[in-house]
Amino acid sequence: MGTKQARGKETVARLLDAAMEVYGERGPEGFTMTAVIERSGVSVGSLYHHFGSFSGLAAALYARSTAELTAELAAAVRSKRTARTGIQALVTAYLRWCVDNRDQAHFMLALPYLGTLSSHVDQVMAANAADYSAINAWVLPHVEAGRIRPMPQNLLECLIIGPITETVTRWLIRMPGADIEPAFKVLPERIWESVRGPAA
């Protein structure tokens with residue numbers, strides 16, 4: 001890797017790290033380009049050079065965060081032989097990642113930033129492609145064997161991920177009674193039962 005390319009990667013990482021720090025400390029209201037520039041020490045011109053816009057930076061931060069989460073999910077199911085243990089491991093890994101990376105989870109689930117993704121879908125998909133494919137490669141044989149209920153892929157994902165993200169969102173916004181710990185005991189088995197196939 002050339003010196004210029006290495007400096008470029010370092011600048012990108014510095015901006016993304018600064019953006020996450022600013023969001024974690026100040027929340028959505030304080031997540032501004034000015035705050036990120038001040039924290040990172042990088043020029044506005046460099047931000048536009050690497051990301052095109054502040055929305056591009058937000059999308060890149062979203063892509064990096066989801067890639068880290070997807071890598072954890074892929075690792076969780078990779079060694080699991082049964083459909084039940086794999087789905088349960090995936091649910092637990094998702095919950096654990098959100099607890100361990102609260103600021104990133106909040107950023108990923110914060111509604112104000114979902115609108116920025118419409119023009120960056122390819123970027124987000126590319127960041128997750130390898131691990132997403134690994135998860136699908138684990139799921140497909142179980143679906144074909146009837147151990148996981150056959151259905152359109154997007155619906156299967158919604159049945160698995162939907163209850164987790166709703167639970168995590170309520171916990172993140174400190175909704176009364178929304179304790180995250182019971183979710184570790186309840187959701188893995190309940191979500192498994194919702195996708196369990198007739199051959200399981």
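## A first look at this predicted model

The stretch of residues 32-51 is 80% helix and 0% strand, and its end C-alpha atoms lie 15 Å apart. Helices here are DSSP runs of H or I with at least four residues, strands are E runs of at least two, and both are numbered from the N terminus. This is a predicted model, in which local features need pLDDT of at least 70, side-chain atom pairs count only at pLDDT 80 or more, and totals for chains, interfaces and linings use all residues. Residues are numbered from 1 along each chain as its sequence is written, and side-chain values use heavy atoms, leaving out hydrogens and water.

**Annotated regions**

- UniProt, in an unreviewed entry, lists residues 32-51 as "DNA-binding region"; such annotations use the numbering used here, have shortened feature names, and may be inferred rather than shown by experiment.
- The unreviewed entry also gives residues 9-69 as "domain: HTH tetR-type".
- Residues 9-69 are 89% helix and 0% strand, with end C-alpha atoms 21 Å apart.

**Threonine 165**

- Threonine 165 counts as buried because its relative accessibility is 19% (buried is under 20% relative accessible area, exposed over 50%, partly exposed in between, with a 1.4 Å probe and protein chains only).
- Not counting residues up to four places away in sequence, threonine 165 touches Tyr94 and Leu109 (contact means heavy atoms within 4.5 Å).

**Serine 118**

- Serine 118 sits in the loop between α7 (111-114) and α8 (121-144).
- With a relative accessible area of 63%, serine 118 is exposed.
- Serine 118 and alanine 59 are 59 residues apart along the chain, and their C-alpha atoms are separated by 9.3 Å.
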